[in-house]
2 protein chains.
Amino acid sequence: MRAPLLIFWLSLGLSHTFETSADTAADPAARNNLVNNPVAIVIHGGAGTIRREKLNPETEAAYRSSLTAAVTAGHEVLEAGGSSREAVIAAILVMEDSELFNAGHGAVLNHEGDAELDASIMVGGDLSAGAVAGVRHIRNPILLADRVMTHSRHVMLIGSGAEEFAMEQGFEKVSNDYFKTERRLEQLQRLQQRDQVSLSEADDKFGTVGAVALDQQGVIAAGTSTGGMTNKRYGRVGDSPIIAAGTYADNNCGVSATGHGEYFIRAAVAHDICARVRYQGVSLAEAGEAVINGKLVEMGADGGVVGLDAAGNIVMPFNTTGMYRASIDRAGILMTGVFAEEGE
Amino acid sequence: MRAPLLIFWLSLGLSHTFETSADTAADPAARNNLVNNPVAIVIHGGAGTIRREKLNPETEAAYRSSLTAAVTAGHEVLEAGGSSREAVIAAILVMEDSELFNAGHGAVLNHEGDAELDASIMVGGDLSAGAVAGVRHIRNPILLADRVMTHSRHVMLIGSGAEEFAMEQGFEKVSNDYFKTERRLEQLQRLQQRDQVSLSEADDKFGTVGAVALDQQGVIAAGTSTGGMTNKRYGRVGDSPIIAAGTYADNNCGVSATGHGEYFIRAAVAHDICARVRYQGVSLAEAGEAVINGKLVEMGADGGVVGLDAAGNIVMPFNTTGMYRASIDRAGILMTGVFAEEGE
């Protein structure tokens, strides 16, 4: 049963390893019983001012290609019977390793010129969760957030304490230079000349990445990873590592957010969307619209979310001109999106 | 109009100062129009295994006396026309400065023998919020959380970054020794001999402090401050500085939590209670019961919350044998409580 997954890993040439969880139906019989349950996955690579006239065709194609690789990586895990947790991690790893996105390699730089990374993951089945904030030497923060969830008594570890835990757990320590790219150094210099803080590219994009998946066992997981805001104050934490703000998953609903983190924390975006589904009895689409295009717009907050519900219904609401996004729905249909005017 | 407040501060001999906010009705006319609106405040000083036979009468009296001082400090602010934000801070300062509680002076010590402090505050009117985590040299973390809210572009600052911001803002840097007490050093040694992590006193008490207040303008604010768990891993963050988990306030509902923080994050306790009130239309009492004695008990999580709604109704549900708590309700009636069997 592991063969397809193994081949998938090898074919991507990934060196990442993470332990599979006990809940991913190691029992083939149990898995086969459920093999017809629908699986689905949705990802984002950041929202913001993304305009067709400013994005050249080559760059757009590169984003769509990376998004396709990420969402496919996650979907193959699900199809092979893997857990939503593993699928979320597989998708996010592709985006953390791509320099296109503000997470892992290619993350934006803080005021001091360093990358400072946050990530979180949550599994709906038992509401287990893990998060790290302010790490500087861990190649894939989503793997460390996952390890906090599976191998510590804690949910959230920050800064040097998080890195000390990583070392104990056998993570490799990478230089902060690993994360830095020419493009991000130029962005920082440009913003520092104007003395601005931005979650943005030149085009004001929020580059956080995230994924939400539903597996054959009906478990929803969500995860988010980011470098935060360009030129941010050292020690600033946005919504990405905050359970209920940037990431939330329960049995009925999972959400990963991207946007102006301060507002997303105050609005408890991810949990609020799932709470509306649960307590108001509205659809995930209605709940997502109400929060992203209602509450957040009233607050003056830019951004969006991706989410899915227990039936595998996928939503990707955002209130900016674009959001890098992709999904493979329960019928197996792949879509990628960049601009607002593309239908979902 | 400021005279009563000033006299109050002077009479307590407090050296704390914090700026009053523009929203606290600097306009006496506006304030007078609303002067008959009910005010209310509720505080906690930690929940856990607190048994009558284990708490000697002198210690119990000391707790009740400190709780009374704290809740009265907050209430006097409200009666003088101050904001709920100022009232919450005034109450929490008394508990941070008391060595009885696990916050500020007298906070528990982490695995390395240091105090490492977290705090957060949220104002319901505009959903503004501030939080700090992992600070070691700031006498009153609640004041720093408040300053992050009022004087930074950010909501959450952690570790050295938070302290750097504090220095820029003119906060005094205190030695970590300021927080340490004989009792906490002994607790740490005892737990380290047993290799345990505890949010506890010898008696398994969660000593976080918090307050929720409703002011004459109808604005609800909530705040929480803690030293976290004795013998905790360096860098561990519990629910106290997490908006939606340990602290939440909107126009209808405010909550401050105390308990096993990892579970409180996963359950998004403070926001979940307020979401039930808003979306299910149940009373705050029902919502609090459902989360504290329903959901959290199912998860195996110990703790409690204090909260109040827009009408000034006060709740203090907990699922442990005791919770240090006090309130002054809209009729002006003071109560203090320690054990479960005391009526509210």
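**Close-up views of the chain A–chain B interface and a chain B sheet**

**View 1. Polar contacts across the interface of chain A and chain B.** Across this interface, 19 residue pairs are in polar contact, with both residues at pLDDT 80 or more. The model is predicted. Seven elements of chain A each supply at least two residues of the side that touches chain B: β3 (128-135), β4 (156-158), α6 (159-168), β8 (236-237), α8 (261-266), α9 (269-280) and α10 (284-299). Of these, α9(A) gives the most, with 6 residues. By class, the residues on this side of chain A divide into 22 nonpolar, 8 polar and 12 charged.

**View 2. Contact and buried area between chain A and chain B.** On chain A, 42 residues are in contact with 42 residues of chain B. The area buried between the two chains is about 3,800 Å². Carbon and sulfur atoms give 61% of that area. A:Arg233, A:Arg266 and A:Tyr279 supply 21% of the area that chain A buries against chain B.

**View 3. Salt bridges between the chains.** The rule finds 2 salt bridges across the interface of chain A and chain B. One of them joins A:Arg233 to B:Glu168. Their closest N and O atoms are 2.8 Å apart.

**View 4. Strand pairing from chain A to chain B.** β8(A) pairs with strand β4 of chain B, residues 156-158. The pairing is antiparallel and runs over 2 bridges. Within it, A:Arg236 stands opposite B:Leu157 of β4(B).

**View 5. An open sheet in chain B.** Four strands form this sheet in the order β9-β10-β11-β12, with antiparallel pairing. β9 (247-249) and β12 (314-315) stand at the edges. Each has a single partner strand, so one side of each is left without a neighbour in the sheet. Strand β11(B), residues 303-309, is joined to β12(B) by 2 bridges, and the two run antiparallel. B:Gly307 has B:Val315 of β12(B) as its bridge partner.

Terms used:
Residues are numbered from 1 along each chain as its sequence is written. Chains are lettered from A and ligands numbered from 1 in the order in which they are written. This is a predicted model: local features need pLDDT of at least 70, side-chain atom pairs count only at pLDDT 80 or more; totals for chains, interfaces and linings use all residues. Side-chain values use heavy atoms; hydrogens and water are left out. Contact means heavy atoms within 4.5 Å. Buried area is the accessible area (1.4 Å probe) that two parts lose on being put together, summed over both. A salt bridge is a side-chain nitrogen of Lys or Arg within 4 Å of a carboxyl oxygen of Asp or Glu. A polar contact is a pair of N or O atoms within 3.5 Å; within protein, one must be able to donate a hydrogen and the other to accept it, and residues adjacent in sequence count only if both atoms are side-chain atoms. Ala, Val, Leu, Ile, Met, Phe, Trp, Tyr, Cys and Pro count as nonpolar, Asp, Glu, Lys and Arg as charged, and the others, Gly among them, as polar. Two strands pair if DSSP finds at least two bridges between them.
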